[in-house]
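Hi,

Here is the structure I promised to pass on to you. Please have a look at it first, and then read my notes below.

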There are 4 protein chains.
Amino acid sequence: MADTKANPDVKRGRPRQLSVRDAVLAGAGQLLLQAGIKGFSIEGVARLSGASKVTIYKWWPSKGALALDGFYTLVSPSIDTTLTGDVKQDLVTQVSAVLALFRDTAIGPILAGLIGEAQRDPELAAAIRERWLEPRRRCGVAILEAAQAAGHVRPDLDPTMVLDQIYGPIYLRLLVGHAPLTDDLAATLVRTILSGILASDASERQA
Amino acid sequence: MADTKANPDVKRGRPRQLSVRDAVLAGAGQLLLQAGIKGFSIEGVARLSGASKVTIYKWWPSKGALALDGFYTLVSPSIDTTLTGDVKQDLVTQVSAVLALFRDTAIGPILAGLIGEAQRDPELAAAIRERWLEPRRRCGVAILEAAQAAGHVRPDLDPTMVLDQIYGPIYLRLLVGHAPLTDDLAATLVRTILSGILASDASERQA
Amino acid sequence: MADTKANPDVKRGRPRQLSVRDAVLAGAGQLLLQAGIKGFSIEGVARLSGASKVTIYKWWPSKGALALDGFYTLVSPSIDTTLTGDVKQDLVTQVSAVLALFRDTAIGPILAGLIGEAQRDPELAAAIRERWLEPRRRCGVAILEAAQAAGHVRPDLDPTMVLDQIYGPIYLRLLVGHAPLTDDLAATLVRTILSGILASDASERQA
Amino acid sequence: MADTKANPDVKRGRPRQLSVRDAVLAGAGQLLLQAGIKGFSIEGVARLSGASKVTIYKWWPSKGALALDGFYTLVSPSIDTTLTGDVKQDLVTQVSAVLALFRDTAIGPILAGLIGEAQRDPELAAAIRERWLEPRRRCGVAILEAAQAAGHVRPDLDPTMVLDQIYGPIYLRLLVGHAPLTDDLAATLVRTILSGILASDASERQA
DNA sequence: ATATAATCGAGACGGTACGTCAAGTCTTGTT
DNA sequence: AACAAGACTTGACGTACCGTCTCGATTATAT
């Protein structure tokens with residue numbers, strides 16, 4: 001009679017029905033594809049998935065969180081590139097992969113929508129940073145740090161900043177649409193950031 | 001009726017009461033400041049400004065359009081910089097001004113919110129491009145083209161692309177918040193894009 | 001330009017342009033026909049007639065008043081019947097005329113709509129009484145008073161009340177629609193009110 | 001989901017909160033009393049009752065339906081009269097009851113307003129016929145048919161038509177207001193319809 | 001077996017905002 | 001003046017989601 005109360009660690013009660021989770025995510029992804037963030041609503045996901053609103057609210061803290069998870073059901077085949085050791089080539093390969101994703105699939109606009117939504121939902125913003133941006137940047141950082149170690153790239157530069165100068169234009173165009181995401185964009189961006197923009201002779205003078 | 005077609009140019013009817021327009025814009029700006037785009041609603045602007053919803057709907061085609069106009073009542077003192085002819089200095093000056101605007105006033109987040117809203121409102125996106133982005137870019141383009149003409153900057157580069165590589169990182173940070181808008185950002189971005197990131201000797205080799 | 005300077009001594013200012021009045025009335029009638037009271041609006045009449053709302057408000061005190069005037073542009077050919085001196089026949093003739101008007105033209109439902117509107121507009125109610133109901137009742141009263149004078153109808157009866165018992169059912173059906181306005185309705189109503197409903201022998205006993 | 005089809009009869013979901021229904025009806029009734037149909041609005045009922053508009057829209061298909069239901073919360077103590085078998089007396093009793101209801105309570109004007117509203121809302125018209133008019137007419141028909149069976153009233157008459165000639169005047173006066181609903185109205189109407197209006201001797205002649 | 005406890009669908013509910021319509025009033029310029 | 005054009009406020013319309021709150025049915029573990 002010491003403690004009849006069961007072990008609090010032990011899971012009691014009906015276990016979570018994973019099919020529900022999957023149905024919700026599938027519905028979220030589908031709705032995102034069909035209607036974009038503008039038409040994305042928890043109510044809609046509930047309708048599409050057959051799950052009840054309460055269930056969704058129970059497992060996802062916010063509309064944004066759900067949208068991001070739904071987004072990942074659409075993108076899951078992530079970008080893996082094998083590195084050659086050549087800074088320029090490796091950067092171009094990686095940037096091109098992202099660019100292709102944004103241009104050729106629906107996820108470009110959807111990601112833009114998510115970033116847009118993140119402006120009103122700090123949690124979503126954090127999630128996007130942690131789950132989308134950072135993982136992708138780590139490869140870039142790896143390339144650049146390797147190049148720095150090999151003496152190909154100036155050691156005093158912050159790789160993060162360099163990546164921003166490559167990816168920044170892409171996201172800016174994705175979000176604002178002032179210029180298209182062209183095929184040669186990856187090569188151009190990388191080339192410019194590698195060699196700078198100063199004229200050759202001027203470069204010597206300034207160096 | 002309506003048999004009086006004397007002069008179609010003549011303005012007939014009660015002229016638009018400008019105080020109403022101003023009140024609405026002031027209300028829009030105020031609401032934007034207080035509550036951000038998240039809390040920005042036509043209903044709210046109507047309440048704040050004392051104007052009726054119908055009037056607002058009459059003059060502004062969409063929530064986004066109103067928000068952008070409200071935004072401009074907050075930013076109107078625009079950025080004017082005197083050019084020296086030195087590429088680096090001129091670019092840093094201009095970028096610093098934008099950066100200061102984003103960091104030290106409330107308009108950074110507000111603009112971010114607007115760009116976010118633009119993801120669901122193509123009209124707003126177009127308006128942002130035309131009314132905010134382009135005007136500001138023109139100065140940058142001017143600086144770069146002058147530098148190209150003077151032979152300081154490679155003539156084969158698209159000035160637009162270069163600007164994207166300077167401003168892109170700023171907007172990316174503003175929108176995603178993965179890194180802060182530091183004081184030295186302007187200088188760093190400009191320096192990197194000018195000289196590139198290759199190590200000095202490597203630069204010579206690769207060139 | 002002929003009629004613009006009618007007589008400077010008498011009336012000053014622009015004389016009322018009669019065509020406006022007519023246009024408004026025509027528009028009101030037309031709108032009433034097309035859309036019924038449900039779709040009848042001052043805004044609509046203004047659109048249809050080309051007149052401005054202010055003008056309408058100036059000359060008609062209320063929506064109801066305008067509707068009633070519009071109604072009269074549709075009904076103007078009023079009901080005139082020649083009396084024969086035979087109570088029954090004269091009553092049937094007159095009631096039949098009203099009945100035909102309600103059944104065969106659109107003005108039945110329109111009048112019903114006006115009476116409906118009158119429930120929220122006392123002025124309209126008064127106008128309907130004075131301009132529609134009373135004129136029509138006067139003929140009926142005349143018939144009945146003549147019959148009373150001739151000794152054909154009981155002298156102690158209020159002719160008004162008798163008319164109500166003939167027309168009441170018609171208006172009730174028009175307004176509530178629980179039974180149709182049949183062809184023989186006039187004859188039936190008049191016959192019943194003339195002779196009563198008691199069985200012949202019972203009639204003698206009870207009398 | 002929705003894999004539980006165990007028992008379709010079973011009530012699922014949060015049960016309807018009857019207090020809300022009652023509050024809405026009470027609010028509707030109250031608003032009807034205070035402001036009449038002119039001031040009756042769903043918005044107002046929502047305010048008064050504390051219920052949300054959406055809830056009201058969910059349960060009542062139209063403004064008219066809500067008004068009629070609100071009306072019934074005001075009249076619920078319906079009219080029951082015990083029949084004596086004497087046509088005249090029974091009719092007078094019943095008609096007097098209706099008359100008293102119209103004169104002495106606020107429901108006269110309210111019912112008039114509803115009938116008015118029914119002119120623009122066919123659903124409401126049908127509801128009024130079915131829920132108000134018909135039930136009340138059935139008693140009258142019963143009285144008349146009993147009298148016909150007993151040989152007191154002509155068997156060739158349509159009881160419905162007779163009732164129209166008694167109630168028609170009452171509703172006409174209620175709706176148009178050309179004459180008051182006096183105390184002796186019930187007796188007069190019934191007496192006239194029973195015996196007719198022909199002078200006694202004329203009656204004999206015409207019979 | 002039988003509690004106990006969690007999951008889940010269905011749906012009610014108050015709330016906020018949306019975008020629209022018509023009623024009226026007011027203000028100009030034109031005739 | 002009379003008039004058209006049109007600006008403006010007010011108030012209600014009907015709709016869409018939001019997030020919270022019951023219910024009942026289901027499904028597991030723990031006595």
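A salt bridge here is a side-chain nitrogen of Lys or Arg within 4 Å of a carboxyl oxygen of Asp or Glu. One example is C:Asp164 with D:Arg173, where the closest N and O atoms are 2.7 Å apart.

Before the rest, a word on the basis: this is a predicted model, in which local features need pLDDT of at least 70, side-chain atom pairs count only at pLDDT 80 or more, and totals for chains, interfaces and linings use all residues. Residues are numbered from 1 along each chain as its sequence is written, chains are lettered from A and ligands numbered from 1 in the order in which they are written, and side-chain values use heavy atoms, with hydrogens and water left out.

Now to chains C and D. Between them, 48 residues of chain D are in contact (heavy atoms within 4.5 Å) with 49 residues of chain C. The buried area (the accessible area, with a 1.4 Å probe, that two parts lose on being put together, summed over both) is about 4800 Å², and carbon and sulfur atoms give 60% of that area. On the chain D side, D:Arg120, D:Gln165 and D:Ile197 lose the most area to chain C, together 16% of what that side buries.

The count of salt bridges between the two chains is four. There are also 25 residue pairs in polar contact across this interface, both residues at pLDDT 80 or more. For that term, a pair of N or O atoms must lie within 3.5 Å; within protein, one must be able to donate a hydrogen and the other to accept it, and residues adjacent in sequence count only if both atoms are side-chain atoms.

How do the two copies relate? Chain D can be laid on chain C with an RMSD of 0.2 Å by a turn of 179° and a shift of 0.1 Å along the axis, with the copies superposed by least squares on the C-alpha atoms of residues with pLDDT of at least 70 in both. The two are thus related as by a two-fold rotation axis. Of the interface residues of chain D, 98% are also interface residues in chain C, so the copies meet through the same surface.

Over all chains, the structure holds 24 salt bridges. In one of them, A:Glu43 pairs with A:Lys53, the closest N and O atoms being 3.5 Å apart.

Happy reading!
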